[in-house]
Amino acid sequence: MNYLLGAFKPACNISITFTDGKNRKQVPTKKDNGQIVMNPLFQSQETIAGKINIEPYQGKKVEHNGVKVELLGQIEMYFDRGNFYDFTSLVREIDVPGEIYERKTYPFEFSSVEMPYETYNGVNVRLRYVLKVTVTRGYAGSIVEYQDFVVRNYVPLPPINNSIKMEVGIEDCLHIEFEYNKSKYHLKDVILGKIYFLLVRIKIKNMDLEIRRRESTGAGANTHVETETLAKFELMDGAPVRGESIPVRVFLTPYDLTPTHKNINNKFSVKYYLNLVLVDEEDRRYFKQQEITLYRLKEETS
Amino acid sequence: MIADGSEDEEKWLAAGAAAFKQNAFYMQRAIDSNNLKDALKYSAQMLSELRTSKLSPHKYYDLYMRAFDELRKLEIFFMEETRRGCSVIELYELVQHAGNILPRLYLLCTAGSVYIKTKEAPAKEILKDLVEMCRGIQHPLRGLFLRSYLAQISRDKLPDIGSEYEGDADTVIDAVEFVLLNFTEMNKLWVRMQHQGPAREKERREKERGELRDLVGKNLHVLSQLEGVDLDMYRDTVLPRVLEQIVNCRDEIAQYYLIDCIIQVFPDEYHLQTLDVLLGACPQLQASVDIMTVLSRLMERLSNYAALNAEVLPYFLQVEAFSKLNNAIGKVIEAQEDMPILSAVTLYSSLLKFTLHVHPDRLDYADQVLGSCVKQLSGKGKIDDTRATKELVSLLSAPLEKYNDVVTALKLTNYPLVVEYLDTETKRIMATVIVRSIMKNNTLITTAEKVEALFELIKGIINDLDEPQGLEVDEDDFQEEQNSVALLIHMLYNDDPEEMFKIVNVLKKHFLTGGPKRLKFTIPPLVVSTLKLIRRLPVEGDNPFGKEASVTATKIFQFLNQIIEALPNVPSPDLAFRLYLQCAEAADKCDEEPIAYEFFTQAYILYEEEISDSKAQVTALQLIIGTLQRMQVFGVENRDTLTHKATGYAAKLLKKPDQCRAVYACSHLFWLEDRETIQDGERVLLCLKRALKIANSAQQVANTARGSTGSVTLFIEILNKYLYFYEKGVPQITVESVESLIKLIKNEESMPSDPSAESFFATTLEFMEFQKQKEGAIGERYQAIKV
């Protein structure tokens, strides 16, 4: 077997290291096979620089028609798997055609790269950033190596952040007024609020606050909408009476959230909703959904 | 169905406890390996068992207690974690990640407790947060237990005065606010229990609520324990807020329990100073609340307080405790229209006891209470509720017990009015109580006026009340009652004859209307009492000041005559007869010949007309003879008449032996040693001879009737009489007559006879021998008799 494997083995080992790789923050990313790997984290306008090592295997030489490194921003639809849409593509030629006999190191640098979108792993869509090193060869096929990296973009505090306040109800049956302190939350934020019962004629069993994610992909007739409930947080146990006000305090930290994405490259959108659900004793559900905007606030510690 | 239910419940509890234990075990393991994440995960799972709705409060408590123990361990672990460098703020956030609210809040409280202990944030902030967050549990049972957990863990962490968690400013008020808020919420939940679930389970629900009430009441207890709750704080904040909640919750069980709680947990002096506030709330309570018990307890507490601390009495006056209570009761009764009479009476009874303790010197207060009571009772007719009656008796007994003196009670003008509302049976019980009280304390009642009042009270046993008696009174009870009345008469006493005479007049008035059955009990003591009065009268002519005494013996005798006259009609002629004789004797002492004669006449008439039983006749006659013999006052003529009559009666007795004995007894009427005027030897001899003759014929009768000679006892008795008069030196009694009599007896003796007669005779002879031995005249006279 060994020699058989050896036959398909690439002639060289390519590794990519980032300049500040040791200090840079790593974030976990889930691969297709479910494995979790740590990838370095960047943000837009950062310079992405590093070194590429090409090390031919013992006693082999690599003939090539040139070596290049690309920085790609790709969107992949799962219903159209393998077909990537590149919204960003930068190329650096790092070697002219020739032969590599021994380990060779090439530095590379993409300075101040514009990376407007964040890395995203959704149900039907994936947005990823990758460094692609290609050792172009003729008949033998090119040798390609990928290095994923994660992009997160931080935004400042929104200047306007109104609270969400609403009165809803079913006539002569249930009237509530709810209030969430903001309409825009950052990912480590806390939702504070209260639910005020104006009229209760049904026997409520409990009340939950759900955080739902709506991912829509495609456009026009091909739009796919996928809704996930990411969190189900019980706010109240038992039946309240008129005049009760129930506090809301939900920490967003434990949940796997992303910022809201609006029409990324005309390919997909990710929206978040707070869904207030009241369940009565016959397990009937009464709910009201409100969109919230999630954003990534610059962390002071990083 | 129900049995199944409880069986199922056991099963659920067992299942819940098992799952609980398992998670507790994992939690402990996580704690042991310092794994905070797992500890939180398993503790949340463990606490999820408390989310059950299937258990009754009792069983739920079981589960809760387990949770409580486990959470202690968790708390210690949290504490250690913070020492190891885990930020308590993070911990406080971390526990709130739990998705289910109930476990989350239990954990939050536990973490909050640690947070306070680390003092990284002011206790008041954390407590406020906790108590607010707990609103998430709206399920009554679970909410109550959660909040009671909160109360429990926060107890030693309240920012009270002197506590290590005391903040900079307004700290006690924070502690109070916290407890009050928790209390209010708990009470709401508790009350809500009543309105959830089907109506048919109402009874069960009420029982369950009863089991839970201490959870709610605990908060009040905590409040009372706070150092910082001083009188001002209590009056300005605590009490108004608590009362507001109590009044607003409109729940009977809660209102009753909590008001009582307030009364029991806070100090007496607070109650005293806030009386109007507390009382003001009472009329606002639900109509069905057993307000009387509550108020009674309050008054009881205050009375005890007053009784134990005499120095606080001025405060009672200062705050006008009495009038406030009185007003409050009035308002409560007004507010609760259909309040049973029992409640009203109980309230007044308590109030009365209160005022007796606190203001023993203010009779007018007590009277006022009685007055209000009368007002309440008026228009309701007699009370037929037995418990209410009992309570009313207790109300009426209170002043007696307190003052130990009926005289004081008599000053209460409303007292008899209240008595009016008792039914006949109870009236008599009440009367007995009063009388007993008098007897026990040896209270002398000294004026006619008081006697009048007293009798108004005890009418129940003095006369048959207007209404026909449905129930025949037990004869023994009746006798006992009347005996006590008889005893009572002797307590009505005044040294001044004039007043005393008034008293007896009052008595007469009441007794004469008392119906025939009572007279034979009441008249004799009255007569005796009156006779005593006569004896105390200054002897006529012995009046150095020449003052015209308004009460004269004559008047009294007339009075006596009137009361005794009532007796024969009763009919109790025996008694009347004896009393006449008594009176006659008293008249004798007073030198009132005509009166004495009149009494005798009355006695004679009675003898003739009413006393028909032969035995009674014998006794009566003996009395007549005895009394007559002692009478000094009669002139010759009167005495002759009476004596003659008596002798006549004697001869007319039915049985020969009785005749014989009566006749020889008559002999005494003619010879009084110390009065020269009455020494008629002839008549004495005549009597004795008559007696002998009768004895003879008695023997003959016996002979013919039974074939055996009768006893010689009669002869021996006559012999004794002979000897008596002989000894006294009655000239007509000669030695011969004595000797011949002895001989006669000896003859008769020879026949077989009864031993008692023999020994009687022997003793008689012995006596004679003995007298013979004596020196002087007696010895000589006896020497003369030859046997």
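**Entry 1: rings in chain A**

I started at A:F178, which is buried in this predicted model, with a relative accessible area of 0%. I then looked up A:Y180 and got a buried residue again, its relative accessible area being 0%.

**Entry 2: rings in chain B**

Next I went to B:Y607 and B:Y649. Their ring centres lie 4.6 Å apart and their planes stand at 40°, so I put this pair down as tilted too. Where do B:Y607 and B:Y649 sit in the chain? I found B:Y607 in helix α30 (residues 593-609) of chain B and B:Y649 in helix α32 (residues 636-651) of chain B. They are 42 residues apart, and I noted that the pair links distant parts of the chain. Buried or exposed, these two, B:Y607 and B:Y649? Both are buried.

I also traced a ring cluster in chain B. Ring pairs join B:Y60, B:Y61, B:Y64, B:F68, B:Y106, B:F145 and B:Y149 in it. For the whole structure, my tally of aromatic pairs over all chains stands at 29.

**Entry 3: helix α33**

I checked how well helix α33 of chain B, residues 656-666, is covered. Mostly covered, I'd say: of its 11 residues, eight are buried. Which residues of α33(B) are buried? My list has B:D658, B:Q659 and B:C660, then B:A662, B:V663, B:Y664, B:A665 and B:C666.

**Entry 4: where B meets A**

I turned to the contact between the chains. Chain B puts in 23 residues and chain A 19 residues. Together chain B and chain A bury about 1700 Å², and 48% of that is on carbon and sulfur atoms.

How many salt bridges are there between chain B and chain A? I count four. One I looked up joins the side chains of B:D129 and A:R249, at 2.2 Å from N to O.

Which elements give two or more residues to the side of chain B that touches chain A? They are α5 (101-118), α6 (123-133) and α8 (171-193), helices of chain B. I sorted that side of chain B by class as well, and it has 10 charged, eight polar and five nonpolar residues.

How values were computed: Residues numbered from 1 in each chain as written. Chains lettered and ligands numbered in written order. Predicted model: local features only at pLDDT ≥ 70, side-chain atom pairs only at ≥ 80, totals over all residues. Heavy atoms only, no water. Buried < 20%, exposed > 50% of the residue type's maximum accessible area, 1.4 Å probe, protein only. Helix = DSSP H or I, 4+ residues; strand = E, 2+ residues; numbered from the N terminus. Contact = heavy atoms within 4.5 Å. Buried area = accessible area lost by both parts, 1.4 Å probe. Nonpolar A, V, L, I, M, F, W, Y, C, P; charged D, E, K, R; others polar. Phe/Tyr/Trp six-rings, centres within 6.5 Å; stacked < 30°, edge-to-face > 60°.
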